[in-house]
Amino acid sequence: MRVLTGNDLKTGDVIWWTGEGWSRHVDAAADAGETAEQVLAAEEAALRVNVPYVIDAAREADGSVRPAHIKDRIRALGPTVRPDLTLKPKDPEALDWII
Amino acid sequence: MYKYDSYDQAMVDARVEEFRDQARRRLEGSLSEDEFKPLRLMNGLYLQLHAYMLRVAIPYGTLNSEQMSVLGDIADKYDRGYGHFTTRQNLQYNWIKLEDTADILADLAKVEMHAIQTSGNCIRNISSDHFAGASHDELVDPRPYAELMRQWSSFHPEFTYLPRKFKICVIASEKDRAAMRLHDIGVQIVKNETGEIGARFYAGGGMGRTPMIAPMIREFVPLDQLITYAEACLRVYNRYGRRDNKYKARIKILVHELGRDEYVRQVEEEFAHMLEQGVEPPLEEIARIKPFFADPAFEDGPKQVDRSDPDFALWVDRNTNRHKHDSYVSAVISLKPVGGIPGDATGDQMRLMAKLAKQYSFDELRIMHTQNVVLPHVKIGDLHALWTELEAAGLGSPNLDTIEDMIACPGLDYCALANARSIPLAQRISERFDASGKTEKLGELKLKISGCINACGHHHAGHIGILGVDKKGLENYQLSLGGSEAEDTSLAKITGPGFTEDGVIEAVDKVTDVYLDQREGEERFLDTYRRIGMAPFKEALYG
Amino acid sequence: MDNALGKSPDEVQFRFRNDEMVDHAAVTVDSCCDQTNATAVRIEPGDDARVLLPFLDRLALIEVNFPAFGDGRGYSSARILREAGFTGELRAVGDVGIDQLSHMRRCGFDAFAPDKPLNEEDAKRAFATWENVYQATIDGRQTIPQIRHGG
Ligand code: HEM
Ligand code: SF4
């Protein structure tokens, strides 16, 4: 699937396109398919996202979304060296998902 | 320490308001990201993996207690309770909001700090010796000259859109603790045959993908021509540095392509012209700046410590540097706890270091390019009390210049340009060497880790260097040996094919075994490598 | 000779001089050197401004082009021309934005013809950004170090 991501203009938070708006959780990402570039341009112009781009990702059997590149997996979760600051601070297995 | 006067303060305040206006225009949409990016970069604001990142300048690495404590407060108020001290003697915050940035800059300005020119293709924060003004082996304190250059380089109208970033370093001893010759311009304050003080210039050093050691370009520049000469160096670079390829735009490439002699010829020509333009600040200006860096009121006291506690004695041996006054030392606070993140400090730790500086070091601290903090003037008689407080706060690691004192850039955990993570390697290596007790046996060993070819972690200059590369989407690491950023500057050579994360940790272990096996007398790792060459190490790694 | 090069006077948005504007287009540096009668010339980033020094007397206008604002060679060109005593109009043209105005002014530009017209209020503020400055340039302003030590 093709997923849109970028950073929130005001806060810098990593965000993912859900089909209707933006979420901080990669699992909420929608397949933007052919419309990706169009959505990007519109959302950037509307100042809702900064430096957006399109990535490849896979929808897993449990419905979660896994970005193809490690860089985007780290963006999705948070720094691997500070599990306490990731989006899943209480999940000891979260880091295994990165590799 | 230098104190702003109303003019310095007005410059910084004006910049805060200018940035507030720029950020407003961006948030309202009248500036596009393409237009805003260079402006935010001029104020040290990057967009990184998880958020905006703000880089705060610590000019020549010197700061006072109040400034350190404000850095801690900002970490708590606007970030997530910590900051990262960098190889450029700066501090980086990793979780900054664009909306908050002007307020942070205003908080910084209140204590005479800023983020000006910590990024962008301009003259960057000027670096210097972290023991400046304290060490026994320096000619003079280099910081007045660094301060003069700081002012000259701030908002320089001609040099704000250079081909590429420009880093200047000023030192004043033969011993190089600041990687001077790996800067775009390195300045060493020296004395000539007639006993006059002046500046020796080096140009065209740098790391990144094409590391180079700066050649000397002028033996002696009189102090009343220092700025004029620097201006000539910069003008030649601004006009002729390459702009067609970002990777060839640093001054090192210009000096290399023209050849040192031709670059020098052009600079001399420009210099002769510049001397007629009256660009040098009046000589009284350096005389005005110098007293700010005058020695504090040192007092005689004990010249030795009580060595009955071996842990304390080890820390004193490892983490203190000889001072110019025999009752004092410079004490290094290690930000490299075993298994920790090199260079990170929490808001609480920053405030504690601020308090200790006030109590024990005439209110002064320094940031080292090796990502540690120095209390420059500590009475030998106070060392035990200081160490006790550091120990209690987890800041007492006795590991200066050992393999555990490695440099590591933020790498793929934070950095948008990274190929691989640096910090986890650093953590695992320090844990492993600490656990095996090998750290002690190895003595001075400089390990430096970068997460990509940009070399923020100085891997080219490591006795052992590690570079993160991308191998078909997987993290991979190249090992190199034999670099140094001290006065015996050299560039490390790659051992051969890269390794996985586990593999490179094994590899570091193996090369240190070769050293332990082959070393003669007091040789450091680097000395042994230089004597026996790469072959035995290669054999151990790939044989 | 390329006559379509220069900016027309109508495109000059800010001007800090009172003499009459040169109303014909500028020529390239190369053709300026070949031609004895050209009074206006346009410098591109890669041109060596010093080539023009023998002709400064007859030049009323020098346009310095900034195809991209990040290419700062034009700042050096401007200072070099002023340092050599050029008193005619020095016009910054091209990708000139609000945030470059004060630096350009300090390097000797006294006219500005931005590709995209700038907001007048923002520009006014930008020209006045620095009440005082550290570096001595050809703009003749007293520097902070000079003021500190009594001029
Ligand atoms: C996380 C954000 C960072 C980014 C995006 C970044 C970017 C870069 C880039 C692109 C270069 C290469 C410049 C060139 O070769 O022309 C570079 C060099 C460098 N950076 Fe960083 N850096 C970052 C963080 C750091 C940190 C944390 C440090 C200190 C630990 C640092 C210190 C340096 C040094 C010392 C160099 C080498 C200077 C030279 O090439 O002469 N940077 N950085
Ligand atoms: S070396 Fe590369 S990965 Fe490390 S901080 Fe610099 S740019 Fe980022």
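Buried area is the accessible area (1.4 Å probe) that two parts lose on being put together, summed over both. By this definition, chain B and chain C bury about 3,500 Å² between them, and carbon and sulfur atoms give 54% of that area. On the side of chain B, the residues losing the most area to chain C are Pro157(B), Tyr161(B) and Arg239(B), which together account for 23% of what that side buries. The structure is a predicted model, in which local features need pLDDT of at least 70 and side-chain atom pairs count only at pLDDT 80 or more, while totals for chains, interfaces and linings use all residues. Residues are numbered from 1 along each chain as its sequence is written, chains are lettered from A and ligands numbered from 1 in the order in which they are written, and side-chain values use heavy atoms, with hydrogens and water left out.

Contact (heavy atoms within 4.5 Å) between the two chains involves 45 residues from chain B and 36 residues from chain C. Twelve salt bridges were counted between chain B and chain C, a salt bridge being a side-chain nitrogen of Lys or Arg within 4 Å of a carboxyl oxygen of Asp or Glu. One salt bridge joins the side chains of Arg235(B) and Glu83(C), at 2.8 Å from N to O. Elements that give two or more residues to the side of chain B touching chain C are α1 (6-28), α2 (33-42), α5 (143-153), α6 (226-240), α8 (260-275) and α9 (283-289) of chain B; helices (H or I, at least four residues) and strands (E, at least two) are DSSP runs, numbered from the N terminus. The most residues, ten, come from α1(B).

In chain A, helix α1 (residues 36-45) has Ala36(A), Val39(A), Leu40(A) and Glu43(A) as its buried residues, where buried means under 20% relative accessible area, exposed over 50% and partly exposed in between (1.4 Å probe, protein chains only). These residues lie on the same side of α1(A) because they cover an arc of only 105° around the axis, the arc being that of the directions from the helix axis to the C-beta atoms. An α-helix has 3.6 residues a turn, so residues three or four places apart point the same way. Gln38(A) and Ala45(A), on the other side of α1(A), are exposed. The buried residues of α1(A) pack against β1 (2-7), β2 (14-17), β3 (22-23) and β4 (50-59) of chain A.
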